[in-house]
Amino acid sequence: MALLGRRLLALVVLFCAALSASANSSLMLAEVYRGEVNVADYWVSEKLDGVRARWDGQHLYSRGGYRINAPGAFTRGWPQTVMDGELWLGRGRFDEVSALARRTQSDIGQWQSVRFMVFDLPEHGGVFSERVTDMAELARLGLPTLQPVAQARVADVDELDRRLEAVVAAGGEGLMLHRADARYLPGRHDALLKYKPYDDAEARVVGYTAGQGKYLGQVGALIVENGEGKRFRLGSGLSDADRADPPALGSWVTYRYNGMTATGLPRFARYLRQRPVLGDSDGR
């Protein structure tokens, strides 16, 4: 029975992964900016540390395709236009908004400080500069729960770097660069770039190592596998609570790193957090 149970769990994990991959296939995802493009061709905005969500004109859905049970009063007055954005509480408050978005029941009092920050219009059909103009019109609705993400142009790399420094100094994550002449294109490509003072990525938990010393009886490190099939350990960054109750096998985690080694492994990989089932901001 134990073997059967493990096999059933593995099938459930694979099924959920397939559903998530299907849901993600229609989203526009970001490559990493490495200085290889002309930044004057891009609109620049702050990369918000929130929960990515898609408004289909009636309901909010997570990046993974799960319905987000936002109160009706939160979305009252929103247009039927399909919108891509972030549920956001403010800089450094990802855990709070992530927990809120996962609740099956909630009231408007719990959502009163949340904003849906719109950064794209997937079914608009025009290039991004045209979509920026139409997103700006959302502010005219006067709805505190619905706001467009501020977009700006920069002249050169020096101005881009100054903007990044200012955002990070204020507690922000980094910047997003969206090519002005690009249409909404599902998948990952250089029409959308993220620029941070470090790299981050996601990997699936496939095992654990045993803790030693003060961590005896707990997890020493997570064994993870990234999208290229490379396996490595994540120990740095795990809190005592993470070691006592680690992310489950099959779950996805976000890690930070500084470049790659000669063997294609992330250098100085450090655990950041578990990715919620509904998906987080790092997918951009």
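Student: What makes strands β3 and β4 count as a pair, and which way do they run?

Tutor: Strands here are DSSP runs of E with at least two residues, helices are runs of H or I with at least four residues, and both are numbered from the N terminus. Two strands pair if DSSP finds at least two bridges between them. Strand β3 (residues 51-55) and strand β4 (residues 60-62) are joined by 3 bridges and run antiparallel, so they pass the definition. Within this pair, Arg54 stands opposite Tyr61 in β4.

Tutor: Some ground rules: this is a predicted model, where local features need pLDDT of at least 70, side-chain atom pairs count only at pLDDT 80 or more, and totals for chains, interfaces and linings use all residues. Residues are numbered from 1 along each chain as its sequence is written, and side-chain values use heavy atoms, with hydrogens and water left out.

Student: Why do β5 and β8 stand at the edges of the sheet?

Tutor: The open sheet has 6 strands in the order β5-β4-β3-β6-β7-β8, with mixed pairing. β5 (67-68) and β8 each have a single partner strand, so one side of each has no neighbour in the sheet.

Student: What puts the buried residues of α3 on the same side?

Tutor: The buried ones are Phe94, Val97, Ser98, Leu100 and Ala101. The arc is taken from the directions from the helix axis to the C-beta atoms. These residues cover an arc of only 165° around the axis, which puts them on the same side of α3. They pack against β3, β5, β6, α4 (108-111) and β16 (270-274), where contact means heavy atoms within 4.5 Å.

Student: Why is Ile223 called partly exposed?

Tutor: Buried means under 20% relative accessible area and exposed over 50%, with partly exposed in between (1.4 Å probe, protein chains only). Ile223 has 24%, so the label is partly exposed. This residue lies in strand β13 (residues 219-225). Leaving aside neighbours within four places in sequence, Ile223 has contacts including Tyr208, Phe232 and Arg233.
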